[in-house]
Amino acid sequence: MAGIRVSMDVGGDGVAVITISNPPVNALHPAIISGLKEKYAEAMNRGDVKAIVLTGDNGKFSGGFDINVFAQIHKTGDLSSLPDVSVELVVNIMEDARKPSVAAIQGLALGGGLELAMGCHARISTPEAQLGLPELTLGVIPGFGGTQRLPRLVGLKKAIEMMLQSKSITATEGKEYGLIDALVSPKELIEISRQWALDIAERRKPWISSLRRTDRLGSLSEARQILQAARQQAKRIAPNMPQHQVCLDAIEEGVNFGGYAGVLKEAKLFKELVLSSTSKGLVHVFFAQRATSKVPNVTDVGLKPRQIKKVAVIGGGLMGSGIATALILSNIPVVLKEVDTKFLQRGQKLIAANLEGLVKKGSLTQDKMKKALSLLEGVLDYSEFRNVDMVIEAVIEKIPLKQSIFADIEKACPPHCILATNTSTIDLNIVGERTHSQDRIIGAHFFSPAHVMPLLEIVRMEKTSPQVILDLMNVGKIIKKVPVVVGNCTGFAVNRTFFPYSQGAHLLVHLGVDVFRVDRVISKFGMPMGPFQLQDVAGYGVALAVKDIYDSAFKGRLFKSGLVELMVENGRQGKSNGKGYYIYEKGSKPRPDPSVHSIIEESRRRTNIMPGGKPINVSDQDILEMIFFPVVNEACRVMDENIVVRASDLDIASVLGMGFPRYRGGLVFWAETVGAPYIYSRLNKWAELYGGFFKPSPYLEERAKNGLPLSLPSTSSSQASRARL
Ligand SMILES: C[C@H](O)CC(=O)SCCNC(=O)CCNC(=O)[C@H](O)C(C)(C)COP(=O)(O)OP(=O)(O)OC[C@H]1O[C@@H](n2cnc3c(N)ncnc32)[C@H](O)[C@@H]1OP(=O)(O)O
């Protein structure tokens, strides 16, 4: 296997330097594990080797066990490709060896990488290296002894925090906690590690096996209290995932019966979790997220992103101020344009408040806030636009207004400048209709709050140039977003796929289902909140503004009711005025408002769709399916029309844009686990009972009838044969 190797170099000082090499992050592929076993055996047998230094190639120790192996196991169900590492390699070969090992760490030591380092008898690191056990984010637990050694090195409380929250620390922090023995510069790393290893071999420094330590664990009663508190916390933060409690089970075994018993238990539990549906979903999301950065004809044609030195943002409302915040936080200077001083000041205040919020949370220092604010310039006309590299328009969703802005900025900006719009629904062809710059017009659809939400939906038109797409993808990465490139249509990929989400919820309520029950079922499934609370939080203005646009784009598959208008007529605007389906009061959680029932009753009377005038009788499962299956159905149309590059892009967009539970792998991945034939048959039945809103799309029908995966890309012949359906 090219590039995958373990090498050993024995110096005149008697130290064998064993180096892991598997670019780009030195992942621990099974071939690396066998290589390590082989080199250690050789080092033990050679008379000229007194001690070992273990390190990684190219400035990185290791990014952990090779996650591709998990993906392979998920496909085959066969666990035999998992090498025996925790006992055979880390305990028997490394920790209990006759010759000591020192880990020389640089760049990163994550997951199995850090676990190998903890099996060494000392750890020397460069200060900025990232150390952590993020296995729970993949639905498993640390499996090379990490659940046992980390608590014995940094104490139970800190270790549990690092594992349950998958939180990395720097080596500088690691030194404070006892994980790292010495901090050194990259230049000295190998030299000092060699000397350290010799010092241990010659007993000038202590020969410590982490697994046998107990001094950092505290008393049994203290340990039990910490574990108990952690179990409660895990129940709250991860109610639908098994790996948090299982990780605590492994730690507890070691606390009660010693480190070695803990390692054995950990190995057993690890194997069980690898096959869990949670791990399948999370590993899928790991690779799906990385796949979004590969866009055919954009990222594979040798283009280099141009530097974007300055960006103009038009509109200082909620979205514009959030976008400006995200840019200045990543050191990109921003010109913020508004129509008058009052609106400009409001925008500047919103940006300052966004930054202050981050300072309060502890994620930004005062100095960095000042630095960010110094990069913001407020303007009332286009004169400062002459030297910007990108404009992001973020004004209200009014077509004539956007068209006139685009005609203006085409004149005011330099010819290379990217002209982006943050519209969430309007067709980009319409926005740019009055310009001659179709090749540099692009959608930059942020999600609210824009400085917090991780998704950036990049919308390209047929004529948008690959260079412009690449530049915006790069800006997205710089401002720490995950850019997903999609095609142009009403609502683009995310809002289009999810428009039936709120509509299905409204339909159910008009069929007689309780509004708060709908929200409870959806939250229990793992969404951050139910569709009605979401509507409260987003504000009814959004729903009303896009209504006509959806009406004309999605004819025949809409459910129309006047409930939102009725809510507004009754003085309810959702969270913004404290009164929606829920009551919002400062300092307390949203409370269901029973007085909303009379408004709903009125809306039901007007719509009059309950069969025989009586509420339908449905189970919680029915509610879930009647809301999500229409969403899957629309996702099928989005895939059929090639709005997304690949199905997994919709998985990432649903997770990062809508809060679809990551551990379910995203919308399409989840739908595959449910099965196209079942989804199709349910939608068909509801279409007969309740009309066109549920009618299965030809794409779904074809997949269901032919037993094909939903994620399999369409071929032109299948598209043609569907057109005849
Ligand atoms: C038994 C053990 O306890 C189990 C384990 O060790 S499980 C693994 C634990 N380790 C992790 O979870 C770390 C996962 N990796 C990461 O968080 C990040 O990739 C990183 C912080 C290492 C690097 O981030 P960044 O520089 O942004 O690069 P990123 O794009 O994420 O990764 C670069 C490439 O390395 C791959 N990669 C990263 N870590 C990998 C791993 N552990 N296994 C396989 N591939 C990996 C990525 O898939 C990507 O591949 P691509 O270029 O083909 O898309």
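A helix here is a DSSP run of H or I that is at least four residues long, and helices are numbered from the N terminus. With that in hand, I placed F525 in helix α20, residues 515-525. I keep in mind that the model is predicted.

**Entry 1**

I asked how exposed F525 is. A residue is buried at 20 or more C-beta neighbours within 10 Å, exposed at 12 or fewer, and partly exposed in between. F525 has 18 such neighbours inside 10 Å, so F525 counts as partly exposed. I then looked up Q621, which is 96 residues from F525 along the chain. The C-alpha atoms of F525 and Q621 are separated by 9.9 Å.

Next I turned to E569, which sits in helix α23, residues 563-569. I found 11 C-beta neighbours inside 10 Å, so E569 counts as exposed. I also checked I599, 30 residues away from E569 in sequence. From C-alpha to C-alpha, E569 and I599 are 9.9 Å apart.

**Entry 2: the domains**

I looked up how the chain is divided. Domain 1 covers 5-275, domain 2 covers 311-488, and domain 3 covers 494-723. I noted 45 Å between the C-alpha centres of domain 1 and domain 3.

**Entry 3: helix α14**

I followed α14 from residue 341 to residue 361, which makes 21 residues. From first C-alpha to last, α14 reaches 30 Å. That is close to the 30 Å expected at 1.5 Å a residue.

Which residues of α14 are buried? I found G347, I351, N354 and L355. Looking down the axis of α14, I saw these buried residues fall within an arc of 85 degrees, so they line one face of the helix. On the other side of α14, I found T341, K342, K349, A353 and K360 exposed.

I then asked what covers the buried residues of α14. The cover includes two helices, α13 (318-329) and α15 (366-374). It also includes β11 (334-337) and β12 (376-379). After α14 comes G362, and I noted its positive phi, near 90 degrees.

**Entry 4: the sheet with β5, β7 and β8**

I traced an open sheet of three strands in the order β5-β7-β8, with mixed pairing. I found β5 (108-110) and β8 (169-170) at the edges. Each has a single partner strand, so one side of each is left without a neighbour in the sheet.

How do β7 and β8 run? They run antiparallel, and two bridges join β7, residues 130-132, to β8. I located L131 opposite I169, which belongs to β8. Helix α4, residues 112-119, lies across β5 and β7. I read an angle of about 95 degrees between α4 and β5.

**Entry 5: strand β13**

I reminded myself that in a regular strand the side chains alternate between the two faces of the sheet. Then I checked β13, residues 390-393. M390 and I392 point one way, while V391 and E393 point the other way. I found all of them buried.

Which strands pair with β13? One is β10, residues 311-314, in the parallel sense over four bridges. I ended at I392, which stands opposite A420 in β14.

Conventions: Residues are numbered from 1 along each chain as its sequence is written. This is a predicted model: local features need pLDDT of at least 70, side-chain atom pairs count only at pLDDT 80 or more; totals for chains, interfaces and linings use all residues. Domain bounds come from an automatic or database domain assignment. The expected span of a helix is 1.5 Å times one less than its number of residues. The arc is that of the directions from the helix axis to the C-beta atoms. Two residues are in contact if their C-beta atoms, placed from the backbone, lie within 7 Å. Two strands pair if DSSP finds at least two bridges between them. Axes are lines fitted to C-alpha atoms, for helices over the stretch in contact, and angles run from 0 to 180 degrees between N-to-C directions.
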